[in-house]
Amino acid sequence: MESPPYARDPGSTASLEQQLTVRRKRWAPRVRTGCWTCRSRRVKCDEAKPSCVRCQKSNQNCTGYLDARGRDSRGPPRPLAIAPADSSSEELRLNRHFIHHLTESVSKEFNCEFWRHHIPQFALSVPAIWHATNAVSALAWAAKEASKDPEADACAQLYKQAVVQHSASMNHILRLTTKHAVSVQDKTVILLANFFFCALAAHPGNIDNFMAMHKRTVVLIRYWRLWESIDSSPEVLQLLFLFIKSVRICEESLLITTLASSGDWQDALVCLQKRPLSSIITAHIELEMIWISLRVILDALQLQSSATALDVAAANMRRAVLQAKFILWEERYKALVLSTPNLHPLGAAALSVRYILTRICLKLRLKPFERVGEETCWDPFEKDFDKAWCIIADTLRAPISQDVAPARFRPSLRNSLLFIARYCRKKALRQEAAALLRFEVSNGPSGQPPATPLLIESIIALEEGQAGKCCQAPKCRPGEYVCNWHRVAKVHATSLAESRLHEFECLTVGNIVSGRPGTKFRLTAVLLA
């Protein structure tokens with residue numbers, strides 16, 4: 001298969017799309033009785049014990065035949081850690097709810113083995129994770145019951161259990177942090193617990209707490225240089241994957257601008273690119289690092305009130321460094337594709353779309369400006385936006401196996417689509433993107449709509465409503481595009497009281513340059529659906 005050459009062949013992205021389409025056709029239906037490795041790869045398992053022959057021949061780690069109850073589906077019970085000896089009946093009930101309901105509903109974007117096997121193992125063997133998962137289980141269970149009867153005694157008891165379990169997990173984490181030397185295993189436990197704490201912070205929709213928790217966890221990842229331990233355990237790899245994408249995804253999916261940038265990942269890229277790509281997850285981690293670093297450069301320049309030739313030259317120099325890393329990523333991704341018989345189709349599609357958008361940002365022509373940058377710089381990439389849109393639409397509208405969770409937006413595809421809706425100036429494509437968001441992102445447990453589609457629709461309406469009074473050059477043209485002066489550049493959000501009501505302030509580039517307040521509106525919605 002031919003690798004799409006960087007910025008040399010305008011049809012390269014189309015060939016990548018064709019390759020992904022062919023690869024999807026080669027996938028067999030997911031089996032229900034095979035080992036978890038074959039099930040996650042969606043290939044037929046020969047079900048040999050203790051390890052299947054297919055995994056041995058393909059040098060895969062056969063994870064056995066563990067089902068949701070922690071037992072082998074055909075052979076004798078697989079040895080597992082047991083629950084803590086002092087566990088109460090309520091804790092055991094919460095653990096069962098977590099395994100049977102929550103792990104199955106977690107996004108399986110690239111890997112389900114981590115959630116179906118490793119997380120339950122961690123929960124049973126590590127007290128901090130045991131209590132953290134029980135806290136999330138209690139809160140999710142309470143939210144489900146509250147949608148039926150908010151005044152029920154069961155809801156109050158579950159909320160109380162969530163607080164108790166969260167406190168117990170925090171106590172165990174604090175003991176780990178007092179150690180003189182924190183091992184890789186300890187770091188893994190702390191970061192994994194923080195992932196569940198982030199889920200707790202998102203209830204009942206406190207944006208500030210949620211974003212702050214994510215930011216602090218990424219600071220820990222940078223401080224510990226977690227990428228240097230990526231080969232030590234599958235948990236480290238998965239945690240790096242979760243948090244590398246999660247902060248940017250939270251910012252982009254809510255369209256919220258935080259006070260501090262996510263920063264670039266140049267040091268991590270230097271370390272990671274010394275080795276071949278071993279999986280689609282490592283490929284996504286590196287491409288996401290390049291994407292985040294690139295967006296930091298462009299966002300910093302385009303939000304300035306003016307930019308000199310020196311500013312543009314400095315940005316282009318930093319971008320050239322990332323371009324070299326991007327080309328190296330392409331070469332190594334080609335090797336991964338050639339050596340991997342069946343790439344996860346959803347993961348491959350997410351990478352393909354991110355690849356197109358990254359090329360756009362690398363080829364974007366930057367020019368000095370005195371007052372505000374020209375929005376016309378995105379116009380040459382209308383065909384590229386169309387290609388990315390087609391991959392997203394085809395992937396999300398494809399038939400879904402009964403063994404897969406109901407059709408929902410996967411985080412990477414959703415946020416790539418949001419980027420298209422924000423920066424593509426083709427009105428019809430923006431509206432199609434907003435409509436697909438509304439259709440695919442499901443309502444919350446209480447039936448309330450998610451914030452993201454409502455917010456993007458409000459932003460599009462705000463931007464396109466400025467055409468009649470635009471005095472810029474080039475000016476807004478109704479039904480065609482929005483000038484950069486009237487483009488929403490920052491969104492600030494505030495959670496109001498303990499409800500699902502959130503206030504958003506949208507600031508256009510013109511608001512920022514002139515120091516005027518933005519447009520405010522309120523939404524009653526679920527932040528993360």
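How many residues does helix H7 have, and how far does it reach from its first C-alpha to its last?

## Helix H7

This is a predicted model. Helix H7 spans residues 153-177 and has 25 residues. From first C-alpha to last it reaches 37 Å. That is close to the 36 Å expected at 1.5 Å a residue.

Several H7 side chains are buried. Among them are Cys-155, Leu-158, Gln-161 and Ala-162. Gln-165, Ala-168, Ser-169, Ile-173 and Leu-176 are also buried residues of H7.

## Cysteines

The structure holds 0 disulfides. Cys-155 has a relative accessible area of 1%, so this residue is buried. Cys-424 is buried too, with a relative accessible area of 1%.

## Aromatic pairs

The structure holds 12 aromatic pairs. One of them joins Trp-329 and Tyr-333. The pair is stacked, with 4.9 Å centre to centre and 10° between the planes. Both residues belong to helix H13, residues 309-339. They are 4 residues apart, so about one helical turn separates them. Trp-329 and Tyr-333 are both buried.

Trp-378 and Phe-385 form a tilted pair. Their ring centres are 6.4 Å apart and their planes lie at 45°. Trp-378 counts as buried because its relative accessibility is 5%, under the 20% cut-off. Phe-385 is buried, with a relative accessible area of 1%.

Elsewhere, Arg-222 lies over the face of Trp-265. The distance from the ring centre is 3.9 Å.

How values were computed
Residues numbered from 1 in each chain as written. Predicted model: local features only at pLDDT ≥ 70, side-chain atom pairs only at ≥ 80, totals over all residues. Heavy atoms only, no water. Disulfide = S-S within 2.5 Å. Buried < 20%, exposed > 50% of the residue type's maximum accessible area, 1.4 Å probe, protein only. Helix = DSSP H or I, 4+ residues; strand = E, 2+ residues; numbered from the N terminus. Expected span 1.5 Å × (residues − 1). Phe/Tyr/Trp six-rings, centres within 6.5 Å; stacked < 30°, edge-to-face > 60°. Lys NZ or Arg CZ within 6 Å of the ring centre and 35° of its normal.
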